[in-house]
Amino acid sequence: MFIRKKSVSAIAQLFGVALVASHATLALAQQQQEQKLEKVEITGSSIKRSIASEGALPITVISVKELREAGVTTTEELVGRVASSQSSLGTSQSIGSATGGRANANLRGLGANKTLVLLNGRRVAAFAFDSATVDLNAIPFAAIERVEILRDGASAIYGTDAIGGVINFITKNNYNGIEVAGEYQRPEKSGGVSKRATITGGIGNLDTDKFNLWATFDYHKQDAVAATQRDFAKTGVIPERGIFLTSGTTFPGNFSQTSTSLTGNPTILNAEKCAPPFSLYLPESFGTKTCRYDYTAAIDIIPPTEQTTFATRGTFNLSDAAQFSLEYVRATNKNIARVAEDPVTGIVMTPSSPYYPKTYPGIDATKNITVGWRMIPAGRRTNESESTAQRVVADLKGVIGAWDYRTGLYWTESRVQDGATDGYVNAGLIKAGVLNGTLNPFGPADEAQLKLINDAKIKGTFAKGVGSTIGYDARISRELFKMGGGAAALSLGLDLRREKYKNDTVDENVSAAPSAGRSPSHTAGDRNVTALTGEMLLPFTDTLEMQLAARYDRYSDFGGTFNPKVGFRWQPVKSVVVRGSYNTGFRAPSLDDLYGPQTLTFTANSYDDPILCPGGVVAPGGIESRDCGQQTQRLVGGNTALKPEKSKTFSLGVAFEPIKDLTVSADYFNIKLTKQISEFPEQAIYEDPVKYASRFIRCNQLSPNVQDNYAGCQADYANGKGIAYILALTDNLGSVKTNGLDFNADYALNAGDLGRFNFSWSGTWVHKYLYQRSEADPFVENVGAYVDSSPVFRWQHVIGVSWKHGPFAAQWNTRYKTGYRDANTSVEPEFFNRVGSYALHDVSFTYTGVKNLTLTAGIKNLLDTKPPFSNQETVFQKGYDPRYTDALGRTWTLRASYNFK
């Protein structure tokens, strides 16, 4: 990634902008010096200003053209190259979790719901399944020209949810011609091939024709990578690391008999115990009585995805002082998640069954047994999610007298549905088949049994969600009066929007398939938001100016909130700028936070029951296959008792130009957030079961008529002491305190006959990230340590070098993350791990020697660096952490584009 010069002098750009990447030339900068500087609206301010007098805001501007040439193919991948991003939810997390295939941005690690994502300065539809975050797959990557990232709180300008920062994706504005482009990426190892085709066309020129109309269509397909296709991810059983991440629901099935306190598996009596390589006998970790299933070996670690995007925009100069534009975007994302076969538990087998293990040592052959059966004959569970995001914006801007104005009407919508295409079974039909003696959970299925199992498969939708926002905004700004450093300026604004949310399940499907992780639910909510904004720019002297801003938001369900912001820029000498800001923020709970379906799903990690299997040892009344090393059910979802989050943000930075064409900046950030809204962490509940005893709901606490809804309470387990579920609803967890430093540097070198070089470096150092699990709990340090569900990286940086000479160009980029203390939740102290630091290097070469043709070839992950080992259990992929690493390995990339002019 490289810095693009946009202003008269290098230091002027650093009045607030650390600009990323390009082959931007010194000649371009000289041309700009000769031109009249245009007034533009910069992310983080509503006041139009010349680029050369850019204000005191820490903004990163990314040129998407260079990222495409570097092999970046998605918006998710783009955000992953931002040093201040701590994103932990990507497309791969659809594996084993009902995320709908979304990918989120998360600046500062404060949560994706506190990073505001904009498209051309206006809101994008929040993802329908959570109504709080934007799915990056909804951004039309092929149409994006640049990205502006404000690394500062902006609640006073954009709204209350801009606590962590703002990412503004900006599309083409005045495109003429037709361009076709194709991309192909192939990893050296099997799986993961990526293909893309794009066509973009435009007519008209705003300067000469007074109009421009462009449209782009983009298709992108990513193939799957199976766990078994990568050595570092192929199993959850890694004895040399102390890892035995398995499930007690296996095939052949384990059984228990509560009357005799017996747990067993018929194959234990055979010479070849269980059914390796997936059903394993692990006496050193789980005793000698049962088999364990290596579910990791059955999953995909990268899901196959298919994305189709259409974007168009028409812009018309109505006069010299008025411009109207109409924009439409539609993005569809299909994501297929494959995980291990369906685990059916609570199966009753009577002594009359021909498959009853009558001769098993210790069994009472007159009593029923309870069986857990992994449905290997049904195949892997396959879940398909499809999301469609649409947006229509009508915009009018211009000048009336001394006033600049901009007003617009917009509508955004997100629709998502997910469901089963294979592998899920109707648990009731399977239980009935075992009960009547037709099905055998202890051995291979014959033709008749396979037919019954196939007939029991569930195919169809589990859940549908829709969220929409319709809004109107208006801004006016003007210069007011002269001050010592220039004209004071004022901006006033009005925002109106109505949000709607609806989430429904197909009850018969989710009721029949407990492993889908959903419960029957039908929820809806809506709200109105009205906001008034004001901003002033006060240039007291040629070297000192101040920005004052304030916003009043009124929520129909949470009342009003007033949030001010003050910023300054001081330039004591020509080559140095000092800048800073202070602002407050307020975030009301999203509609999904409040009304989201309360649903039963399974814990991400496997746990021992703290009472019935403490330390992995079965206690009196405990059952190994139910209570030891199991994923238990948890109740998650909305909470109408939530309170709003509030924040205070302070930043202070310096930018300087020590020598010509070298610019350097450092910015300190300090954020305090109170009443953080998030799902209560399951890890905390199990880490301190005494403190959170009230969050363990056991079978004997429930009425008999509801116990069958819980895997731990079915059949012989009814009315027992087993865990029915843990209570982990969305809650106000407490406070967050974080601070650190952002660094940026850029050097442009004109080497004459050797060409032009650009060097850039951006990094983020996090000093502290303290948070509470509840307001009564002590603060926990998350920097450099995996705590609860993720780490916070102490240091991340991105380095880029670009070279251009005639028709030849090249790039080298590297991304680096420091290591951290691993989760270490299910390993003995001698196996405690520290995750190593991680660096990836990419190179690309571009040739433009043929008229209108651009050819690019490159290698991503040049050194074929494997992800460092991690013993985390939060996500389904094991042996590494897919959220922060590259599972593809060394990948060859090709891109060609041709412009018909």
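Analyst: Let's start with a rule we will need: two strands count as paired if DSSP finds at least two bridges between them. Keep in mind that this model is predicted.

User: Which strands stand at the edges of the open sheet of four strands?

Analyst: This open sheet has mixed pairing, and its order is β32-β33-β38-β37. An edge strand has a single partner, so one of its sides is left without a neighbour in the sheet. That describes β32 (599-602) and β37 (696-698).

User: Which residue in β33 does F602 stand opposite?

Analyst: Four bridges join β32 to β33 (residues 633-636), and these two strands run antiparallel. Within β33, the residue opposite F602 is Q633.

User: What is the omega of the cis peptide bond that joins P276 and P277?

Analyst: P277 is found in the loop between β16 (262-264) and β17 (279-280). The bond joining P276 to P277 is cis, with an omega of about 15 degrees.

User: Is D661 buried or exposed?

Analyst: D661 lies in the loop between β34 (645-659) and β35 (662-674). Its phi is near 70 degrees, a positive value in a residue other than glycine. The cut-off for buried is under 20% relative accessible area. D661 has 16% relative accessibility, so it counts as buried.

User: How does K675 count at 30% relative accessibility?

Analyst: K675 also has a positive phi, near 55 degrees, and lies in the loop between β35 and β36 (677-679). Buried means under 20% and exposed means over 50%. At 30%, K675 therefore counts as partly exposed.

User: How many residues apart in sequence are the parts that K860 and E77 tie together?

Analyst: Side chains of opposite charge can pair when their charged atoms come close. K860 and E77 form a salt bridge, with their closest N and O atoms 2.8 Å apart. K860 lies in strand β48 (residues 853-860) and E77 in helix α4 (residues 75-79), so the parts they tie together are separated in sequence by 783 residues.

User: Where does D788, the salt-bridge partner of R773, lie?

Analyst: The side chains of R773 and D788 meet in a salt bridge at 2.8 Å, N to O. R773 lies in the loop between β41 (756-771) and β42 (780-781), so the pair ties together parts 15 residues apart in sequence; D788 lies in the loop between β42 and β43 (795-805).

User: Which residues do salt bridges that share partners join into one network?

Analyst: A search of the whole structure finds 49 salt bridges. Two residues in the network, K860 and E77, are both buried. The network joins E77, R81, R815, D842 and K860.

Definitions and conventions
Residues are numbered from 1 along each chain as its sequence is written. This is a predicted model: local features need pLDDT of at least 70, side-chain atom pairs count only at pLDDT 80 or more; totals for chains, interfaces and linings use all residues. Side-chain values use heavy atoms; hydrogens and water are left out. Buried means under 20% relative accessible area, exposed over 50%, partly exposed in between (1.4 Å probe, protein chains only). A salt bridge is a side-chain nitrogen of Lys or Arg within 4 Å of a carboxyl oxygen of Asp or Glu.
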